[in-house]
Each structure stands twice: as C-alpha cells, then as structure tokens.
Amino acid sequence: MKFIMAVIKPHKLDDVREALTGIGVQGLTVTEVKGFGRQKGHTEIYRGAEYAIHFVPKIKIEVAVDDNQAEQVVEAIQANANTGQIGDGKIFVYDLGQAMRIRTGETGTEAL
Amino acid sequence: MIGIGRSAAALVVFIAAMAGAAGPAAAAEINGADTAWILTATALVLFMTLPGLALFYGGLVRSQSVLSVLMHCFAICCLASILWLICVYSLAFSDGGGANAVIGGLGKAFLAGVGWDSVSGTVPETVFFMFQMTFAIITPALIVGAYVERVTFGAVLLFSGLWLIVVYAPVAHWIWGGGWLAERGAVDFAGGMVVHTTAGVSALVFAKMLGGRRGFPGDVRPPHSPGLTMAGAAMLWVGWFGFNAGSALAADGNAGMAMVVTHISAATASLVWMVIEWVKYGKPSLVGIVTGMVAGLATITPAAGSVGPVGGLIIGLAGGYVCYQGVTLLKSRLKIDDSLDVFAVHGVGGMLGTLLIPFLGVTALGGAGFGEGVTMGGLFGVQLMAVVAVAVWSGVISWILLKIIGATVGLRVSNDAETEGLDITAHGESGYNF
C-alpha cells in the first residue's frame with residue numbers, strides 16, 4: 001500500500017477531488033496548511049507599516065491507496081492541481097506499512 | 001436613544017414640577033431638553049469606550065492578545081469611574097481655592113454636597129458629573145493602543161489610575177475647570193487637548209519606555225480582524241456625536257453645528273486616507289479608511305464649537321493628511337512602536353485641530369468668530385501655549401509614573417508570554433475556541 005500526501009493550491013481542491021473519485025478513490029483527508037516553496041510570501045500594508053507574510057495558504061490532501069493504483073492517483077493529482085504557476089505544490093509518496101478500518105477491524109488493502 | 005431622551009425629559013419636568021410645588025428650588029433652573037440630551041450623550045460617549053474603542057483596538061492586534069485589549073478597556077472603565085467619584089471629578093471641576101489656577105479642591109470628593117437638586121449650568125450636576133466621567137474613562141483607554149501585546153496588567157491599572165489623578169485632572173481643570181488656561185481664553189471644545197493630546201503624548205512616552213513588540217519593525221503580525229476594527233470604528237463615529245455635540249452642554253444650535261462639523265470632518269478625513277493609500281499602494285484598505293476617520297474626528301474635537309461646515313471640511317482634509325504623515329514618521333523613521341498609532345492619530349490630530357481654531361474659526365469661513373478683544377494672532381498664541389503646556393505636562397509626568405511603575409510592578413511581560421499571547425498568559429482565556 002502507498003500513502004500519498006500532496007500539498008496543492010486551495011482553489012484546485014475541487015478539481016482534484018473530482019478526478020480522484022472518478023478513478024475510484026474511496027476517501028481522502030484534507031487539511032488547511034500554510035507553507036512556502038519558491039513561491040515566497042507577500043507583504044501586506046496596514047497604516048503605512050509593511051508586514052511580511054511568509055507563508056501562503058495551501059491545502060494538504062492525504063490518501064491511502066493500493067500499490068497498483070498509486071501511479072494513477074499521482075498522475076490524477078498532478079494533472080488537476082497544475083496551474084503552470086509557481087506555488088502549485090508537491091506530491092509525496094510513502095510506503096504504507098499497515099491500515100485498518102476502525103468499524104470492522106479489516107486490515108490491509110481491504111481497509112482502503 | 002430618542003425614547004430614552006423623551007422619558008428622561010419627562011421625568012425631569014415631573015420632578016421639577018413637584019419640587020417647584022414645594023417652594024423655590026434649584027430644580028427650576030434645569031432645562032429639560034438640555035438634560036435629556038446630555039443624558040443621552042453620556043450613554044453615547046460610554047458606548048465609544050465600551051465596546052467601540054475596545055473592538056477597534058481588539059481587531060488590530062494578534063488573535064492571541066485580543067481579549068487582553070478588551071480587558072484593558074473594560075477594567076480601565078471601571079477603575080476610572082470609581083476614581084472619578086472618589087477625587088478626580090472634584091480635582092478637575094471644583095474650586096481649588098488659592099490653587100485654583102492649577103488644580104481643583106477635594107470639596108466634591110465622593111460627590112459631597114452634590115445631590116438630586118444640584119445644578120451645573122442648565123443640567124443636574126449629576127448629569128454633568130456622568131458626562132464628564134465618560135471622557136475621563138476614554139482618555140486612559142486610548143493609551144492602551146501604545147502598549148498592546150507586551151504590557152503587564154498591573155502596570156495598566158496602576159498607570160491608568162495614577163495618570164487620571166496627576167495628568168488628566170489637572171489638565172481638565174486648567175482648560176475646563178476654570179484654571180489658568182481657561183482664564184487666558186484657551187479653546188478646547190470637546191477635548192482636543194484634554195483628551196487627545198494628553199493621551200497621545202503619554203502614549204508616545206509609554207511606547208518609548210516600554211520598547212517595541214517582538215519583531216518590530218520588520219516582523220510584526222498584521223491585524224487579526226480588520227472587520228472587528230471597522231465595527232469598533234463605526235461605534236466611535238456614532239458615539240462621537242455625543243462626544244462633540246454633547247460638549248455644547250445644551251440641546252441647541254451649537255450642538256447641531258458641532259454634529260455637522262464632526263461628521264463632515266470624519267467623512268472627509270476617511271476619504272483622504274483612502275485616496276493616499278490608493279495612490280501609494282494601489283489598494284485602499286479598510287483599516288486605512290477607518291483610521292482616517294479617527295484622525296478626522298480627533299482633529300475636529302477641539303474645534304467643534306468654533307468652525308462652520310467648510311471649516312469642518314478643511315479640518316478633515318488637514319487631519320487626514322497630517323496624521324497619515326505622522327503614522328509613517330513614527331513607525332518607519334523614528335521606529336517607535338506606538339503600536340496602534342495613538343500619538344500619530346489622536347495626539348497629532350488633537351494638537352492640529354487646536355492650532356487651526358484661530359484660522360478656521362473666522363466668520364468668513366462660516367465659523368463662530370472670536371470674542372471681544374480676541375485676535376487671530378492672540379488666540380493662536382494662547383492655543384500654542386496651551387498645547388505645549390499640556391503636552392509637556394503629560395509627557396513628563398507619564399515618564400515619572402512609568403519610571404516608578406517599571407521599578408516596582410514591572411512594565412513588560414516576558415518574551416515567551418508575549419509570543420504566546422497575553423490572553424492565555426495574563427488572563428487564562430482564549431479569544432477563539434473553534
């Protein structure tokens with residue numbers, strides 16, 4: 001199993017969600033995060049004083065998938081979160097050691 | 001508000017009629033309309049502090065310190081109210097005998113001798129007492145803006161209390177209580193000097209002695225809730241009608257004109273600030289436009305009884321522009337962290353308005369004109385002397401108070417406490433528990 005974590009621009013979430021459910025992903029977790037990469041923060045000005053805002057709001061998606069679906073999922077995320085501008089984000093793939101469905105106790109790929 | 005006013009007026013007339021039936025009484029000198037208005041104005045001015053100023057300042061700080069700001073305003077209101085009763089009203093407004101040029105006496109401490117029938121002008125003295133109290137409440141509350149996010153709560157209470165007695169009371173007495181500046185004809189209709197200059201200068205001294213927030217100037221956090229700030233600002237605008245029009249101490253044409261010029265100045269200065277930001281940064285901000293409003297209101301405050309509508313317009317233009325320069329000068333060049341710009345907006349505005357009175361109060365500009373034997377140059381000399389005297393007294397005494405308080409209770413919280421936020425560290429509460 002693989003655990004895929006992607007940090008994307010907030011306004012691309014809907015596109016990514018539709019694409020993933022379209023290829024059969026059963027569920028995912030979304031968190032609001034802040035971060036920066038090459039897209040630095042920006043400055044805001046209040047009453048003539050400049051405030052450096054270092055972090056940019058992003059969305060983190062986490063989804064656990066079967067090994068044979070991982071590549072499809074990564075491609076779906078990349079294709080739908082892409083805007084061509086810096087700050088589009090990154091996708092990370094972890095090896096997932098174990099998974100369990102809490103309600104039934106099922107483990108392994110049955111839990112996904 | 002209208003319902004309260006009419007009920008109050010009816011009640012006063014009823015009591016006056018009853019008292020009159022018993023014999024000649026002081027109650028007969030009371031004007032019902034004036035009394036009703038000043039009762040209402042009192043509520044409006046208290047509303048400026050609670051919650052107007054509290055929300056205005058609250059939105060400008062980080063979310064971790066929002067409650068501390070609200071707490072400062074609330075606690076100062078309570079403390080100032082009690083001190084006003086105990087001695088500050090008497091020191092400001094009673095006869096000081098031989099020392100009356102500089103301070104009142106303690107004859108009216110605890111409102112001794114002031115009862116249901118006491119009169120001040122055309123309103124019950126209790127009403128005058130309350131109206132003036134609301135000014136004494138908001139003035140130390142204004143200073144909160146200088147020391148947000150890093151001051152100890154003990155220092156806030158100690159400083160505010162002592163400051164009321166040794167700075168506010170004397171200055172109020174000098175200008176409004178028959179003291180030496182009043183004798184020389186200094187004009188301060190609603191507190192450009194008594195409120196805004198004292199608070200502004202003291203705030204500057206406090207900010208300098210306290211030191212800036214961690215990360216000042218390059219790395220401070222922006223206002224956490226500009227919406228909250230606007231809500232507070234709106235309450236300040238409405239309440240200011242009580243502040244300035246109420247200072248006419250009568251329900252008459254003076255109050256009406258004061259209301260006009262106050263409003264025009266607020267609107268004008270708001271637009272000035274908006275235009276400056278639009279031109280300079282391409283984006284006129286909400287925080288900016290409401291700050292402009294405060295600048296306009298502070299600047300018109302001393303002049304609300306002297307200028308006409310066109311004068312109000314000019315004051316709005318001047319206040320908006322000059323105070324904006326003040327903000328940039330202090331924060332960017334002098335690097336003093338008067339965090340919420342108390343001096344730049346209230347101090348500068350109050351002083352500017354005070355000094356503009358001789359020029360804009362002329363009848364040619366629709367103003368009220370000057371009294372017998374008063375010339376423009378002569379009045380300017382008096383205004384300048386008054387501004388300097390008030391500023392110097394405020395600054396020096398504040399410095400002394402802060403030296404003492406700093407050495408005893410301590411002025412500043414630890415770095416960790418400041419970073420974590422005063423809400424949790426000083427008050428054990430969290431502003432937002434989503």
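A residue counts as buried if 20 or more other C-beta atoms lie within 10 Å of its own, as exposed if 12 or fewer do, and as partly exposed in between, with C-beta atoms placed from the backbone. By that rule, buried residues make up 58% of the 434 residues in chain B.

## Basis of the model

This is a predicted model, in which local features need pLDDT of at least 70, side-chain atom pairs count only at pLDDT 80 or more, and totals for chains, interfaces and linings use all residues. Residues are numbered from 1 along each chain as its sequence is written, while chains are lettered from A and ligands numbered from 1 in the order in which they are written.

## Chain B overall

Chain B has 15 helices and two strands. Both kinds of element are DSSP runs numbered from the N terminus (helices: H or I, at least four residues; strands: E, at least two). The radius of gyration of chain B is 21 Å, close to the 22 Å from the globule rule for 434 residues, so chain B is as compact as a globular protein of that length. That radius is taken over C-alpha atoms, and the rule is 2.2 Å times the number of residues to the power 0.38.

The C-alpha trace of chain B spans about 70 × 45 × 45 Å along its principal axes. Two residues are in contact if their C-beta atoms, placed from the backbone, lie within 7 Å. Among contacts in chain B with a separation of 6 or more, 77% join residues 24 or more positions apart.

## Nonpolar cores

A nonpolar core is a set of buried Ala, Val, Leu, Ile, Met, Phe, Trp, Tyr and Cys residues joined through C-beta atoms within 7 Å. The largest has 149 residues. B:Tyr57, B:Cys73 and B:Val88 touch the most other members. Beyond its neighbours within four places in sequence, B:Val88 contacts B:Leu83, B:Ala136, B:Leu164, B:Ile165, B:Tyr168 and B:Ala169. A second, separate core of 15 residues includes A:Ala19, A:Leu20, A:Val25 and A:Ala81.

## Packing of H4(B) on H5(B)

H4(B) and H5(B) pack at about 115°, with axes 10 Å apart. Axes are lines fitted to C-alpha atoms, for helices over the stretch in contact, and angles run from 0 to 180 degrees between N-to-C directions. From H4(B), B:Ala136, B:Thr139 and B:Pro140 make the contact; from H5(B), B:Ser160, B:Trp163, B:Leu164 and B:Tyr168 do. These residues divide into five nonpolar, two polar and no charged. Here Ala, Val, Leu, Ile, Met, Phe, Trp, Tyr, Cys and Pro count as nonpolar, Asp, Glu, Lys and Arg as charged, and the others, Gly among them, as polar.

## Backbone details

Two cis peptide bonds deserve a look. One runs from B:Leu50 to B:Pro51, with omega near 0°. B:Pro51 is in helix H2 (residues 32-60) of chain B. Another joins B:Phe216 and B:Pro217, with omega about 5°. B:Pro217 is in the loop between helix H7 (192-210) and helix H8 (226-245).

For B:Phe110, phi is near 55°. B:Phe110 has 12 C-beta neighbours inside 10 Å, so B:Phe110 counts as exposed. For B:Glu149, phi is near 75°. B:Glu149 lies in the loop between helix H4 (125-143) and helix H5 (153-175). With 22 C-beta neighbours inside 10 Å, B:Glu149 counts as buried.

## Where the chains meet

Eight residues of chain A contact 16 residues of chain B. On the chain A side, strand E3 (42-46) and strand E4 (49-53) are the elements that give two or more residues. By class, that side has five nonpolar, one polar and two charged residues.
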